[in-house]
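The exercises below concern packing inside a protein chain, and each is followed by a worked solution. Please look at the structure before reading the solutions.

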Amino acid sequence: MKSHFLIDRRTCLKGLGAALALPLLETMGWADPAKGKAVKPPVRLGFMYMPHGVIMDQFWPANAESFLSAPPPALESLKGVLDQCLMMKGISGVPIAPFNGAPHALELSTWLTATLPDAHQRNQINIAISVDQIAATYVGGLTSLASLELATMPQTHKENQEGLNEGYYSHCSFRSPTQAVPAEINPRSVLNRLFKKDNASGTGHQPGADALERSMLDLVITGAKDLRRTLPQNDQHKLDEYLDSVRSVERRIAAIEYRQKEAALEAAGLSVSKRRASDSPPIEIKIPEGEKRSEYMQVMCDLNVLAFQTDTTRVSTYIGSTPNGVSYPELGFRDEHHSQTHHNNQPDKVDKVAKITAFNIAQFAYMVKKMHSLREGDGTLLDNCIMMWGSGLEDGNKHARENLPFIVAGRGGGSINTGRFLAETKGNQGDLLTTLLACAGIPLDRPIGIATKQMTEMTVRL
């Protein structure tokens with residue numbers, strides 16, 4: 001349906017200093033297209049990480065033919081969008097000599113750099129600019145946030161394998177060789193960062209009227225009603241869906257925080273509700289370390305989706321967890337992830353690692369499926385994204401790095417040939433990252449880290 005006017009792509013709903021970015025509507029355009037060319041949404045890059053590798057025979061498809069019809073257990077949650085995914089077996093990680101005693105310090109820090117730290121300055125951060133920040137440097141000026149860095153756990157792990165700086169254990173993003181980019185673990189802070197009213201201006205701020213105590217949508221509702229009246233029916237429906245999704249994220253974040261507050265009061269011996277003495281106390285929600293980890297991770301995934309849908313940023317990273325100290329009571333056991341990866345083929349430990357892997361991929365699948373459900377331009381939001389899930393180790397039992405697990409979802413605006421499993425890929429981590437940047441339209445003057453080529457087998461041949 002054509003409109004007699006076009007809304008500027010950067011139009012926001014505003015009220016009392018709050019600004020809420022909008023998704024792409026039919027009456028919007030991303031930019032002025034070249035003459036005779038259709039408007040095309042931009043490509044977004046997202047990276048989601050899990051440490052310690054996988055149980056290989058439960059992760060890799062049996063063969064290329066069974067990938068779509070009979071995926072392995074770890075990929076069950078991706079059913080329905082496997083045709084939007086690409087898997088490649090045979091991508092090697094960065095050889096870690098002379099840091100052979102530091103597998104966990106290097107599994108995350110080399111994941112998006114494909115580079116080893118400087119061996120002569122081990123106690124200081126000195127590695128390479130990560131691919132997400134290379135992309136952010138190129139496209140970040142087109143959005144309000146150059147990049148979005150998320151994590152499930154605080155980036156405070158303290159260990160010094162091979163004398164390496166502790167920052168290598170919990171950071172994947174590096175703005176410069178010597179500057180690690182901190183990730184945000186608080187969903188309220190992420191929501192505020194994406195959509196918060198402008199406190200810097202000193203206008204419109206009211207005590208207690210933050211994003212969770214007074215809904216952002218309540219602050220901008222008049223603008224929403226005014227805009228809605230001017231839109232065609234399809235755009236009205238899309239606007240309503242979008243505002244509902246923002247409201248849903250707000251409520252879920254508020255519910256998480258309410259349960260945390262209630263549990264803290266209960267632990268302090270204070271009554272928080274009219275319960276009988278025989279009733280069990282409220283469970284304590286330890287985010288990110290305790291029950292309902294999936295709820296927390298899915299809220300963060302939704303925030304990532306909103307950031308891409310509204311073009312608030314085009315680059316994101318999400319560290320699902322970091323080495324050591326992570327448990328998954330939601331899965332029915334409290335054993336730490338790291339300890340179970342050293343399983344020596346003991347069936348109970350292998351089973352737990354497999355369940356942890358499937359759990360983390362399920363959170364990735366949740367995000368990918370949501371992107372696939374959102375219309376954008378002539379396709380879906382996922383069509384215009386490149387989302388990579390992976391780990392910096394092949395096998396946590398032996399700390400192997402010869403065959404790293406990766407899943408790429410999204411067609412990158414038509415540049416990636418999905419729906420395939422390539423069982424005999426020849427390449428390394430740097431080759432993969434270099435190719436992903438090229439698919440996203442990011443120009444490079446040199447390959448990433450140890451890269452020697454682009455992996456043309458993963459791209460669409462024009």
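**Exercise 1.** How many residues does the largest nonpolar core have, and which of those residues have the most contacts inside it?

*Solution.* The model is a predicted one. Its largest nonpolar core has 66 residues, and the most contacts inside this core belong to F59, L78, F364 and I407. Among the contributors to this core, helix α7 (residues 293–309) gives the most, with 10 residues. Taking F59 as a case, and not counting residues up to four places away in sequence, one finds that F59 touches partners including V54, L75, M87, W389 and I407.

**Exercise 2.** Classify the aromatic pair formed by Y49 and W111, and state which parts of the chain it ties together.

*Solution.* The search of the whole structure gives seven aromatic pairs. For Y49 and W111 the centres are 4.9 Å apart with 70° between the planes, and the pair is edge-to-face, since planes over 60 degrees apart count as such. Because Y49 lies in strand β3 and W111 in the loop between α2 (103–109) and α3, the pair ties together parts that are 62 residues apart in sequence. Both Y49 and W111 are buried.

**Exercise 3.** Why does F421 count as buried?

*Solution.* The cut-off for buried is under 20% relative accessible area, and F421 counts as buried because its relative accessibility is 5%. F67 is likewise buried, with a relative accessible area of 0%. Finally, ring pairs link F59, W60, F67, W389 and F421 into a cluster.

How values were computed
Residues are numbered from 1 along each chain as its sequence is written. This is a predicted model: local features need pLDDT of at least 70, side-chain atom pairs count only at pLDDT 80 or more; totals for chains, interfaces and linings use all residues. Side-chain values use heavy atoms; hydrogens and water are left out. A nonpolar core is a set of buried Ala, Val, Leu, Ile, Met, Phe, Trp, Tyr and Cys residues joined through side-chain atoms within 4.5 Å. Buried means under 20% relative accessible area, exposed over 50%, partly exposed in between (1.4 Å probe, protein chains only). Helices (H or I, at least four residues) and strands (E, at least two) are DSSP runs, numbered from the N terminus. Contact means heavy atoms within 4.5 Å. Rings of Phe, Tyr and Trp (its six-membered ring) pair if their centres lie within 6.5 Å; planes under 30 degrees apart count as stacked, over 60 as edge-to-face and the rest as tilted.
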